[in-house]
Amino acid sequence: MDISQVLTPDGVRVQNVELDTYLASVTADDVLSLYRDMAVVRRIDKEGFSLQRQGQLGLWAPCLGQEAAQIGTARALRATDFVFPSYRETGVIYVRGAENRDFVGTWRGETNSTYDPYRINTATMQIIIGAQTLHAVGYAMGITADGADDVAVAYFGDGASSQGDVNEAMVFASSFKAPVVFVCQNNQWAISEPVSVQSEFPIAGRAPGFGIPSMRVDGNDVLACLAAMRWATEHARNGHGPAFIEAVTYRMGPHTTSDDPTRYRDEEELETWRRRDPLDRVEKYLRAEGVLTDDVAADIAAEADRVGTAVREAALTMPNRAPLEVFDHAYATPHTGIEAERRAYAAYLAQFEGGAS
Amino acid sequence: MTTMTMGKALNQALRQAMTDDDKVVLMGEDIGALGGVFRITDALQDEFGAGRVIDTPLAESGIVGTAVGLAMRGYRPVVEIQFDGFVYPAFDQIVCQVAKLHYRTLGRVKMPITIRIPWAGGVGAAEHHSESPEAYFVHTAGLRVIAVSNPQDAYAMLQQAIACDDPVIFLEPKRLYHTKGEVDLDTHHTDVAPMGIARVARPGTDVTLVTYGAQVKTALDAAEAAADEGVSIEVIDLRSISPIDYETIDASVRKTGRVVVTHEASREAGVAAEVIASITERCFDWLETAPVRITGHDIPYPPSKLEKQHIPDLDRILDGVDRALGRQNSMTGVEL
């Protein structure tokens, strides 16, 4: 399968009959705005990595190299659409409106979800590989039942494509014509396993077997990702059922801060992908267009720094939750078992200075 | 009061719940035109449409996983797992997602999902059709686990489970589907005892016999037989096995001083182990003898011709009662 592209790694805008339809209205300023988001997210990612190395976060899952796939697809959505991300979608939740603390609270271990999913119409990060794809399909079935024209979006990786849940999600989505978009960010590696272990065949090639139209795009080309997502959401919104996008990209960093990619991949491969950096090509394009001047670049860098600093501040000032909050929200309605445990633990804590407060 | 089978009572409960709340949707394999393999959803698709009584693909993880998404959109899915042994492919979605989403999101996302499971053995079924998986779910925080034993409870508690904002594993003993009993269809489910309160199914003074599900019937038969020999057994039907109503159990044990717990599921780390450990912690000073477990064996569920050897029957329960009474019997001197 071809990989659709509209912006070459050298920043040259090339024609693409299929994708150009969805980019007719895009101005250079719009591209600059996409670039701005990508630059900010790269900076947040760098901050998250540093915070982990400094012992302020337990873990971080870098999205370095995947900014185009995330910003391009997420920017095609409406606020009322509902997104089901995995744990690497820093760029996606940034576009959805995550606040500074939302990027770090979970990795710091204070809460499993820092944000209210209904505030930014984005589910909490999913760690079980591929489980969220079914949630997206169910949510989309609800959209249909409500007679609404929103879409649900499931983000997942190449490794997840092997999971039963992802395949079941495609069966349900297809059978019920659910308005759901599957976005597979094929970043080439599932921890240490190359994508060839998951699939020798292009992942986008599987969807048509479920009756789901698919597109394989250059995941480092933010315009191609935006266009593909516009195609997919239009398809789903108009009652034609699910659509599938494979964004072919590359995870330039480790799987998480606990991982050591030098054990399983070589520098040459990394270098190849460095030459396809998703930010570089937009920068080259915008400089050629005259939209990105040194002044604008400095402004964007300053904004990225400001957000990065704010994320750091949010991590360092995050309040520790009170001990008894460990019991909170296990159940929605009073549960005699857990209430008894809470009372017993409160009595235990009460013997120490400060007690349970 | 109307006399009906437990299967019919469940059907009426679903109909009532769907009438009361248009966000209630049913999902499962063969639940539409067929009405489910046990006919529990009989005629509901005709009445409420294919949009609310959804015949799903044959994928249990898919059924539960899509129910999660529907719940997030504001629906109250009631899913049918066709047989107990088929719940395992959905295990991840149940224990990692359904059970935890409320906790994970600090209560912002509710999971009002009811997972109905035709449950346990005694009907001569094929392999994987007679499992007792309740301990897995009891062990999982975030879930409530209900096991019904009669048509009235089935009718009221299924509606309560559906109305509950927490996920409920709702176990329906399939060997009782055709058992008849009195059902009050006129009393609203909010006006009867809340889901989770145990029931003294038969009062007694000598031994407390704790059980749930289809074993309640066997326990009552055992109590009847024991009464003929002058032994008064108090039978407690737990109804909820997560949470467990220890107030009702404690009151009984402090009266009788002797406990037998019986269930069809295997013994190791089962519900009986939990109940007895808790009784021992809470009522040790009242106990006259060691509590006794009468359970299924620690074996895979046997072929149907042998299932009578596995499911505790009246005589095995009475054997346990003898031990609780400190009497010499078959087990005297046998290492457990």
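In chain A, helix H4 (90–96) and helix H5 (105–108) each supply at least two residues to the lining of the largest cavity. Bear in mind that this is a predicted model.

That cavity holds about 160 Å³ of space. Its lining runs to 18 residues, and the ones nearest the centre are Tyr87(A), Ile93(A), Asp102(A), Trp107(A) and Met125(A). Sorted by class, the lining has eight nonpolar, seven polar and three charged residues. As for the overall tally, the model has three cavities of 30 Å³ or more.

Now over to chain B and a pair of helices. The axes of H9 (residues 246–256) and H10 (residues 271–283) of chain B come within 11 Å and cross at roughly 65°. The crossing of H9(B) and H10(B) is right-handed. Here is who touches whom:

| Helix | Residues in the contact |
|---|---|
| H9(B) | Tyr246(B), Ile249(B), Asp250(B), Val253(B), Arg254(B) |
| H10(B) | Glu274(B), Val275(B), Ser278(B), Ile279(B), Arg282(B), Cys283(B) |

By class, the residues where H9(B) meets H10(B) split into six nonpolar, one polar and four charged.

Finally, the two chains themselves. Chain B puts 45 residues into the contact and chain A puts in 47. Between them, about 3,400 Å² is buried, with carbon and sulfur atoms giving 59% of that area. Which residues of chain B lose the most area to chain A? They are Arg73(B), Tyr103(B) and Arg108(B), which together account for 21% of what the chain B side buries.

Notes. Residues are numbered from 1 along each chain as its sequence is written. Chains are lettered from A and ligands numbered from 1 in the order in which they are written. This is a predicted model: local features need pLDDT of at least 70, side-chain atom pairs count only at pLDDT 80 or more; totals for chains, interfaces and linings use all residues. Side-chain values use heavy atoms; hydrogens and water are left out. On a 1 Å grid over the protein atoms alone, a cavity is a set of points where a 1.4 Å probe fits but cannot get out, and a pocket is an open set with protein on both sides within 12 Å along at least five of seven lines; lining residues have an atom within 4 Å of a point. Grid points are joined across faces, edges and corners, and a volume is the space filled by probe spheres set on the points. Helices (H or I, at least four residues) and strands (E, at least two) are DSSP runs, numbered from the N terminus. Ala, Val, Leu, Ile, Met, Phe, Trp, Tyr, Cys and Pro count as nonpolar, Asp, Glu, Lys and Arg as charged, and the others, Gly among them, as polar. Axes are lines fitted to C-alpha atoms, for helices over the stretch in contact, and angles run from 0 to 180 degrees between N-to-C directions. A crossing is left-handed if the near helix is turned anticlockwise from the far one by less than a right angle, and right-handed if clockwise. Contact means heavy atoms within 4.5 Å. Buried area is the accessible area (1.4 Å probe) that two parts lose on being put together, summed over both.
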